[in-house]
Amino acid sequence: MSNLLGAAEVRALADQLNLKPTKKLGQNFVVDANTCLKIVKLATIEKSDIALEIGPGLGSLTLALLEEASQVIAIEIDSRLADQLSITAADRGFDQNKLKVINDDAISVRDLPFKPTVLVANLPYNVSVPVLLNILEHFPTITRGVIMVQSEVADRLVAVANNKDYGSPTVKANWWANLKIVGHVSRSVFWPIPNVDSSLVRFDRHLPAAGEAERAATFAVIDHAFAKRRKMLRSALSQLFRSNTESALIQAGIDPTSRGEVLTVEQFLKIGKQLLNDKSTK
Ligand code: SAM
């Protein structure tokens, strides 16, 4: 554990880079090695795993991952941090060959040099949901992961239908995986200290309920249903269907007067299938 980063090392690295952490990039760095070890443990990493980390920052979690995984791919948007990461790993005695740093935006990344098997990340809070959904969609070899997110986002990801936290992030994330909250993290383990609470969410990918065309149609339905959350589905989805929305919902077995917040992923899929029919018959 001694070669992992603690508070003094994180501050020294930031000083060396003349780094002023920005809110815009969600730069709150973990200064407690035990927290990083806990996150890695919760991801049940095996020696054969190729770990993907989003937003490695100064490397607190990256170094803990390098101890366990066969490879670590780290995607960092801030070029100063991306450039420093391999140097930090080598300086602290880690095998640089196991680390591949990519200076890019994780919202839009589509290709990686290796196929990752597990995602472990302290996600930048303002983009945590789009980043997670992008990774789940485009890297199907990732079977599980542990992410640290703002507690409010964690509550949304694991919410059940008919709950105020249930929404588009819940349904879309659950399309890909089962998710559960596996821990809470004190604000005091970060520098700078954030003004929100953080939680750890573990996900385990399940088999997709349908193919890509059905998924895309279902996600369009989800977007429309939650964009007009208080509206009944027959009205919220009226822009989407070319034929009569009410009869399409009835054919899908869904009450047209219900709202998106009461529907399960499976029910959204039924509407998505109707939408595909609607498009192919016109
Ligand atoms: N993993 C480090 C840790 O735990 O100390 C840093 C976590 S910090 C909450 C989030 C990191 O994500 C920052 O290093 C930030 O520069 C980076 N970041 C922000 N937006 C990003 C994006 N769209 N793609 C990739 N990295 C991003």
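Lys172 forms a salt bridge with Asp223, and their closest N and O atoms are 2.6 Å apart. A salt bridge here is a side-chain nitrogen of Lys or Arg within 4 Å of a carboxyl oxygen of Asp or Glu. The count between domain 1 and domain 2 is two salt bridges.

This is a predicted model, where local features need pLDDT of at least 70, side-chain atom pairs count only at pLDDT 80 or more, and totals for chains, interfaces and linings use all residues. Residues are numbered from 1 along each chain as its sequence is written, and side-chain values use heavy atoms, leaving out hydrogens and water.

The chain splits into two domains, with bounds from an automatic or database domain assignment.

| Domain | Residues |
|---|---|
| domain 1 | 7-205 |
| domain 2 | 212-280 |

The C-alpha centres of the two domains lie 33 Å apart. Contact (heavy atoms within 4.5 Å) links 13 residues of domain 1 with 16 residues of domain 2.

The area buried between domain 1 and domain 2 is about 1,200 Å². Carbon and sulfur atoms give 68% of that area. Buried area is the accessible area (1.4 Å probe) that two parts lose on being put together, summed over both. Tyr166, Lys172 and Trp175 supply 48% of the area that domain 1 buries against domain 2, more than any other three residues.
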